[in-house]
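Please open the model in a viewer and keep the sequence beside it.

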Amino acid sequence: MPQRSRKPSFTGAYPGERPSRQRGIRLALIAILITIFFIILTSSPVPSASAGAAKKVVFGPAVHDPPIKNADKSIGEGKWYDDWAWLTRPFSDSIISHENGVVLPPKRNRPPIYAFYDGSAKKSEATQEAERKLLLIWRRAWWAQGFRPVILGKGEAMRNELYLGVQAKQLDPKIELEVMRWLAWEQMGTGILANWLVLPMGAYDDNDISYLRRARYPMLTRYDGLGSGLFYGEKGAIRNALTTALDSNKLPTANNFLEVFDKNRLTLDEKPKSIAFYESKVMSTNYQSIETALAEDKPAGLRSLAELITSHLHLTFLNTFSAGFAILTPFPASTLTISQPALSLAYSLATCPDSPMPGTCPPNAPACTPCSHRRQIQIATPTSYYNTSSLHTIGVLPHPYTLAALLAPGKDITIKHLRRDTERDRWLHTITESSLGREINGPDRIVSFKEIVASDWGSCRGLWMTEDPEIPEHRDLEWHFGFSLPFVNTTSSMVPKNQQPTPKERSTQKAILEKAKEVIKVKKKKKGSMDMRIKDAVEAWNLADTEAWRFVRALGRRERLVRKTWEKEEKEFAGGEDAEGRGKGWGRWFDRA
């Protein structure tokens, strides 16, 4: 019988001390500590991708971090999704699978525009407050034109590696301030550098403004007639021009920093027609009374200047839309209550703004049509949309359930009533009838409607909103239009008598609206309820109207979220959202009408 052989033992072949249990525990602890340290490193916060992000510092003013390239541009919150395919299919659920989700066009890129403000200079509190008001006007005007305004200060200049070399030169204080402005801009990188008295005074799709908004700056450039008011360029070109100027022998004796720049590194473009610069020379020529006030009482003069600029921004808007305003009212006898806020806004926009110098024009448009209380600006209430470039359209979209209830007062909304007594997508058919005719179906109409609302051409010629509570607040509207709005108490007497409901009809409409709001707010957990079933049936019967309502609501929410996120980032800097002294409880814009 063969003997079994035992396999050799490695421990027996190489005898030695076995590793102790404590040593194994120590190795395990070391591995755990290394793993935790690695997790902390990989999960540490990264700088904000926006140019307006504030960096916390222990000493000194808050400073901006340079923008990060190729940052994630999605909001990732809510029920809307950015997709280039937003016009390829009529309904969002054919692109995404999210229930009730909406596909929106990708967010427009907002190129940064920088202004330098020295908040450390010794000034009276009244002067600082008046300057903060002007900074707010500057920020609001450029934001409405599609830019991302950022206020820079000495904090950004001090972070530039060239700062210490500039301090060693012991320059004249006036020249040094101009150099600080360029150091701060070079630190931030590619973009536009503007004086905070340089404002856009033109249409959204004006050639000069559109060119700046495209953010393609092949050469470092300034405009003829604006002096040092506005520059734009890439970071490399800014750096080369700045270092060459700082090394120039002319710098110690120069009257201004612009004199020492190499002309081969700084291109001169022709004077723009849509940008205004309220510099001292312009003020003394065109607005002498305010220039005198600035010399006698600077805070009072600055307040008058702010009022003048606001009136000119408003006037530019009225000159752009010379045909007036169109408040879409597809079913005037039944939807006047919904249209009231839009009418109030239209009359507010059509009201001539207060001005310390009535009848004056912006410096870039001396041949404008001045606003006059004697000149009536047309406000129409058409039932259909008209594609006119000089007409500003305001539309309020009711939810399909709200519209069904308003058009059938006193009746219960049932599935039987929907199928027998109503037509599909009545709202969308009515407002697009003049432009698309009667033969087009709902899916084709919704594509055209989305283009009207969100395209580059249409978005700057109209304001679209859903019925309360999604109507924008007063502050939202000011940032949308780019200037502060006066309040106007709009009553039914301003509406043509043939489109006014009787007091009984008005009371009935308000009651219907209140009930409709509750039905629309029904949550998913009540999916088996009768209200939810009727709401789902109305939306299924009016697929195009429902898609239009959700699209407009989501677009408005995204616009407010983007702006409020930016305001939160910029609140620590001059010209923040509280610069007007307004609290958070301002309420809706029509509450004080």
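Begin by selecting C352 and C371, whose S-S bond has a torsion of about -90 degrees, so the disulfide is left-handed. The model is a predicted one, and its sulfur atoms in this pair are placed 1.9 Å apart. A disulfide is a covalent bond between the sulfur atoms of two cysteines. Both C352 and C371 lie in the loop between α12 and β14 (379–380), so the bond ties together parts that are 19 residues apart in sequence. Buried or partly exposed: which describes C352, and which describes C371? C352 counts as buried because its relative accessibility is 9%, under the 20% limit. C371, at 22% relative accessibility, counts as partly exposed.

Next, select C361 and C368. These two cysteines form a disulfide with their sulfur atoms 2.0 Å apart, and both are buried. The torsion about this S-S bond is about -90 degrees, so this disulfide is left-handed. The structure holds two disulfides. With bonded cysteines counted along the chain, the pattern is 1-4, 2-3.

Now display the strands β13, β14, β15 and β16. They form an open sheet with the order β14-β13-β15-β16 and parallel pairing. Strands of a sheet pair through backbone hydrogen bonds, either parallel or antiparallel. Which strands stand at the edges of this sheet? They are β14 and β16 (462–466); each has a single partner strand, so one side of each is left without a neighbour in the sheet.

Zoom in on β15 (residues 391–397), which runs parallel to β16 and is joined to it by five bridges.

Finally, turn to the nonpolar cores. The largest contains 69 residues, of which L230, Y278 and I309 touch the most other members. Helix α12 (residues 332–350) supplies the largest share of this core, nine residues. Select L230 and look beyond its neighbours within four places in sequence: its contacts include W142, I192, L193 and I275. A second, separate core has 32 residues, including V179, L183, F257 and F261.

Definitions and conventions
Residues numbered from 1 in each chain as written. Predicted model: local features only at pLDDT ≥ 70, side-chain atom pairs only at ≥ 80, totals over all residues. Heavy atoms only, no water. Core = buried A, V, L, I, M, F, W, Y, C linked by side-chain atoms within 4.5 Å. Buried < 20%, exposed > 50% of the residue type's maximum accessible area, 1.4 Å probe, protein only. Helix = DSSP H or I, 4+ residues; strand = E, 2+ residues; numbered from the N terminus. Contact = heavy atoms within 4.5 Å. Disulfide = S-S within 2.5 Å. Pairing = 2+ DSSP bridges.
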